[in-house]
Amino acid sequence: MQILINVRIFRNNMDANLKEQKLREFAKSVLEYPEYTEEIEYLLSKLKLSKEEVIRAYVNYDLDIFAYENEIYESLAMRMVLYLHYLLKGSWHQDRQDSILRMIEKIKPESIIDMGFGAPTKYIRYYVLKNKVKTTLADLYGSAFEFSKVLFDYLNPSWNEFILFKQIDMNKHEYPGDFDCYIFQDSIEHVNDSTKYLNKLVKESPSDSRFIFSLPIGPMMSVHTINWDTEEEEAIKWLKDSGLKILDSDKVFINPDVDLFAEQIKEELYNLIVICKKQY
């Protein structure tokens with residue numbers, strides 16, 4: 001399956017003022033989605049965040065993607081911003097989440113670890129919480145856990161019976177434990193020597209484990225330590241060289257009318273979503 005959304009490569013930089021205006025409008029629109037109004041108000045209240053604070057963080061995050069490092073994710077407001085991105089209609093985030101949910105439902109894992117999860121995505125709401133699947137959400141920064149606990153309290157008060165949090169610095173190449181499914185949603189490219197770490201995970205994980213990756217195909221970003229310019233020649237080869245076999249894949253392209261973070265990038269950018277198993 002291939003998902004294409006109004007694909008084109010950006011050629012000219014958008015006027016900065018216009019871009020900021022559009023980003024503010026997007027953030028405000030998500031905050032006011034009727035189907036999420038009660039949920040958003042609950043999150044803002046419990047996290048002690050104002051709408052204007054979140055909108056400013058949203059704008060700053062997307063206005064210049066080369067202007068910050070990974071430490072930006074320490075902010076609690078940034079976790080809210082990530083979540084708004086996941087809800088934004090028409091964005092590549094929506095299709096990435098749909099693809100990963102489809103793959104999760106296909107393999108039906110009984111235990112999951114989401115490495116560098118950022119903020120809860122759609123599969124948490126529609127697979128984990130629905131089926132009470134044993135899930136570990138791993139991240140480096142406590143803000144990810146603080147935000148998620150508040151969201152889960154709203155969605156399902158019994159969440160802590162099957163969802164755990166684990167603080168992991170993937171740069172230390174710590175083995176997280178045995179799971180049916182390891183998920184990396186745009187996270188492994190943030191790890192120092194990600195190739196070495198993936199090789200370690202594949203080697204030490206159970207023989208019947210599955211791995212789901214969302215890998216950005218395109219130019220190197222300032223917050224990344226690795227990039228794949230091409231799908232077949234680089235990304236898929238990288239996975240195969242680590243001992244993995246591709247079982248299924250999707251391509252999710254950015255929507256230039258919505259995903260304004262990519263406006264600065266002149267090359268084509270898309271995500272390769274893959275589900276893999278160990279070769280042996």
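This is a predicted model: local features need pLDDT of at least 70, side-chain atom pairs count only at pLDDT 80 or more; totals for chains, interfaces and linings use all residues.
Residues are numbered from 1 along each chain as its sequence is written, and side-chain values use heavy atoms, with hydrogens and water left out.

The protein chain contains 9 helices and 7 strands; these are DSSP runs (helices H or I, at least four residues; strands E, at least two), numbered from the N terminus. For 280 residues, a compact globule would have a radius of gyration near 19 Å, and the 18 Å of the protein chain agrees with this. The radius is taken over C-alpha atoms, and the globule rule is 2.2 Å times the number of residues to the power 0.38. Along the principal axes, the C-alpha atoms fill a box of roughly 55 × 45 × 35 Å.

Of the 280 residues, 57% count as buried, where buried means under 20% relative accessible area, exposed over 50%, and partly exposed in between (1.4 Å probe, protein chains only). The chain exposes about 12,500 Å², of which carbon and sulfur atoms supply 48%; accessible areas come from the Shrake-Rupley method with a 1.4 Å probe, and for residues only the protein chains shown count as cover. Among contacts (heavy atoms within 4.5 Å) between residues at least 6 apart in sequence, 74% join residues at least 24 apart.

Not counting residues up to four places away in sequence, Tyr58 touches Leu23, Phe26, Ala27, Val81, Leu84, His85 and Leu88.

The loops around strand S4 carry two backbone exceptions. Most residues other than glycine have a negative phi. His173, although not a glycine, has a positive phi of about 55 degrees; this residue is found in the loop between strand S3 (163–167) and strand S4 (181–185) and is buried, with a relative accessible area of 14%. Lys172 is placed in the loop between S3 and S4, but at 67% relative accessibility Lys172 counts as exposed. Asp193, in the loop between S4 and helix H8 (194–204), also is not a glycine and has a positive phi of about 55 degrees. At 46% relative accessibility, Asp193 is partly exposed.

Asp186 has its place in the loop between S4 and H8 and, at 17% relative accessibility, counts as buried. Leaving aside neighbours within four places in sequence, Asp186 is in contact with Trp92, Arg96, Ser214, Pro216 and Asn271. Asp186 and Ile273 are 87 residues apart in sequence and 9.7 Å apart in space, C-alpha to C-alpha.

Gly116 is found in the loop between strand S1 (111–115) and helix H6 (122–131). With neighbours within four places set aside, Gly116 is in contact with Ala138, Asp139, Met170 and Ser187.
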